[in-house]
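Please read them with the coordinates open.

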Amino acid sequence: MKKRCKIGRILVYVLLIIAFVVSVFPFYWMIVGMTNSAVDVVKGKMTFGNQLFTNLHTLFTSFNMTEILLNSLKISGLTVIGTLIVASMAAYGFEMYPSASRETAYGLLLLSMMVPFAALMIPLFRLIVKFGLLNQHISLILIWVGSVFIIFFFRQSLKTFPKEIIQAARVDGSGEFRTFFFIVIPSIKSTYAAAAIYSFMLSWNAYLWPLIVIQTDDKQTVTLLISSMSSAYFPEYGVIMTAIVIATLPMVLIFFGLQKHFVQGMLGSIKQ
Amino acid sequence: MLKSSTKKNADRTHNAYGWLFISLALILISVFMFYPIGHSFYLSTMRTKGIVQQFVGLNNYIRLLQDPMFILALKNTFTFFLIQVPIMLLLGLIFATILNDNTIKFRGVFRTALFLPAVTSLVAYTILFKMMFSSEGFINNLLMNMHIIQEPIPWLLDPFWSKVTIIIALTWRWTGYNMVFYLSGLQNIPKEIYEAAEIDGAGKVQQFIRITVPILKPIIVFTSIMSTIGTLQLFDEPMNLSMGGTTSSTIGPGNSLLTLSVYIYNLSFKYVPNFGYAATVSYVIVFIVAILSFIQFKVAGDKN
């Protein structure tokens with residue numbers, strides 16, 4: 001019995017180590033790839049090369065990486081700010097001013113989460129064309145700002161917010177918006193952090209919608225650039241690897257810096 | 001009398017503030033969500049050519065049944081769904097169970113490592129996998145050096161192997177993500193239940209099937225619905241895994257990676273735009289998601 005346990009233990013560790021290597025290896029490989037030439041990347045060279053500066057140079061001169069990186073940062077930054085304001089206000093409205101008609105509206109919102117993006121894509125595209133917003137960054141921001149998931153996420157967290165504090169503020173003569181902005185927001189900062197990470201990730205990694213809306217190279221996002229680089233006739237794999245590392249870096253940094261909020265952001269949907 | 005009227009007034013302002021707070025979100029969601037959902041359905045009853053639209057009733061839906069490309073896309077999507085989702089969820093569950101055991105050393109390190117793939121962008125990791133699985137690439141080198149295979153496997157050049165590649169890639173990206181949901185659920189299960197089972201002589205595997213899975217059922221249903229929606233919308237991966245990406249004429253060798261979402265994209269933006277028919281295909285996804293979610297809820301409900 002004891003012996004069987006021991007073998008089981010060893011098996012578990014072997015399994016974990018395999019999973020560890022499989023999970024982490026592609027990250028190692030993309031960093032190595034960043035320092036190698038296209039030929040070496042395709043051949044699967046596993047050691048560091050000396051092409052890092054050549055790759056960086058090509059990426060930032062031939063592919064306009066600076067401008068594209070700024071595009072992505074701008075779009076994602078504005079999306080996060082917009083989403084946090086709009087979604088947290090809505091969640092506050094739903095939770096703190098209960099009414100039957102608003103509850104019905106909320107139910108409809110939750111139901112709409114089940115509708116896949118593919119079903120919205122064509123009318124959205126026509127709408128953007130009609131508004132004259134084709135090839136404009138604003139159209140990449142607008143459609144994510146009213147995020148049902150993040151409203152839901154904020155509402156879950158507001159459920160445990162002590163209502164007495166709001167009553168007390170009201171008695172003290174604080175206006176409703178004042179209460180929200182100066183009392184409620186500062187006390188649920190960690191919810192804001194988690195929602196910000198979630199919304200940043202969504203916008204930073206978006207592909208299908210930008211692919212449809214963005215039509216000129218100077219308006220591209222990092223994701224679009226990586227995709228178009230790899231569909232080139234002779235893809236420059238070393239340069240692509242460099243771009244992939246740059247695209248992945250913000251997410252990895254946020255993850256290691258704010259691991260708790262990060263995971264909370266993903267779990268928000270099931271914690272009741 | 002006076003009191004009740006001030007109360008009424010207070011209620012009215014209260015109600016007005018409620019609407020005021022949600023108004024921005026409601027406007028945005030109505031314009032960018034509710035309107036498109038309705039308009040998509042309307043479009044699915046139309047034949048569109050350029051700006052000319054003509055009502056055709058259910059004709060678009062009938063046309064689906066005779067469209068080999070649609071059937072192929074449906075088949076591919078279901079293949080990914082039926083094979084990949086169970087593998088991934090099972091792996092997620094197994095690793096969550098292992099990492100919930102606090103006698104395991106370096107739990108935190110393993111947990112972080114397994115979750116790490118979930119921070120990569122879909123396009124980035126797909127292209128990474130495309131390079132690793134190229135004919136003379138890293139994976140083939142590794143397998144040949146280990147003498148597991150004699151000839152390189154045509155991962156991206158063969159209809160069957162390209163499906164295998166995408167399933168491996170998806171599993172790499174999402175297993176740790178799902179594991180985190182299970183881990184958070186497992187933390188709420190009291191340890192005493194397992195201790196009691198141990199005393200009663202239940203092995204680890206039995207504990208897993210008899211205790212872990214039933215208790216986690218709501219979370220398993222949640223993750224499987226999320227994965228269903230995700231798989232039915234698969235776009236970034238097949239598009240970027242195929243040679244030539246958006247510019248290529250087929251998605252994967254012999255269209256082996258053509259999914260419903262890719263087909264909708266092609267119908268709308270690559271071929272001569274046919275928004276009406278594309279909207280019809282998109283509504284098929286809506287129906288399938290609704291039906292599958294309903295089934296998953298039912299399966300969970302029955303046994304509880």
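1. In chain B of this predicted model, 54% of the 304 residues count as buried. The accessible surface of chain B amounts to about 14300 Å², and carbon and sulfur atoms account for 69% of that area.

2. The secondary structure of chain B consists of twelve helices and two strands, and, read from the N terminus, the elements follow the order α-β-β-α-α-α-α-α-α-α-α-α-α-α. With a radius of gyration of 25 Å, well over the 19 Å that the globule rule gives for 304 residues, chain B is more spread out than a compact globule. Along the principal axes, the box that holds the C-alpha atoms of chain B is roughly 80 × 60 × 35 Å.

3. As for contacts within chain B, when those with a separation of 6 or more are considered, 67% of them are between residues 24 or more positions apart. On the charge side, chain B carries 21 positive and 13 negative side chains, and 13 Å lies between the centres of the two sets.

4. Turning to chain A, the assignment gives 15 helices and zero strands. Its radius of gyration is 23 Å, whereas the globule rule gives 19 Å for 272 residues; the value is well over the rule, so chain A is more spread out than a compact globule. The C-alpha trace of chain A spans about 70 × 70 × 35 Å along its principal axes.

5. Of the 272 residues in chain A, 54% count as buried, and the chain exposes about 12400 Å², with 70% of this supplied by carbon and sulfur atoms. Among the contacts in chain A with a separation of 6 or more, 74% are accounted for by residues 24 or more positions apart. The 20 positive and 10 negative charges of chain A have mean positions that are 14 Å apart.

6. Is A:Ser76 buried or exposed? The relative accessibility of A:Ser76 is 1%, and because the cut-off for buried is under 20%, A:Ser76 counts as buried. This residue is found in helix H4 of chain A, which covers residues 65-96.

7. Which residues does A:Ser76 touch, leaving aside those up to four places away in sequence? They are A:Phe200, A:Ser203 and A:Trp204. With A:Ser203 there is also a polar contact, in which the side chains of A:Ser76 and A:Ser203 are joined at 3.2 Å.

Terms used: Residues are numbered from 1 along each chain as its sequence is written. Chains are lettered from A and ligands numbered from 1 in the order in which they are written. Side-chain values use heavy atoms; hydrogens and water are left out. Helices (H or I, at least four residues) and strands (E, at least two) are DSSP runs, numbered from the N terminus. The radius of gyration is taken over C-alpha atoms; the globule rule is 2.2 Å times the number of residues to the power 0.38. Buried means under 20% relative accessible area, exposed over 50%, partly exposed in between (1.4 Å probe, protein chains only). Contact means heavy atoms within 4.5 Å. Accessible areas come from the Shrake-Rupley method with a 1.4 Å probe; for residues, only the protein chains shown count as cover. Lys and Arg count as positive and Asp and Glu as negative; His and the chain ends are not counted. The place of a charge is taken as NZ of Lys, CZ of Arg, CG of Asp or CD of Glu. A polar contact is a pair of N or O atoms within 3.5 Å; within protein, one must be able to donate a hydrogen and the other to accept it, and residues adjacent in sequence count only if both atoms are side-chain atoms.
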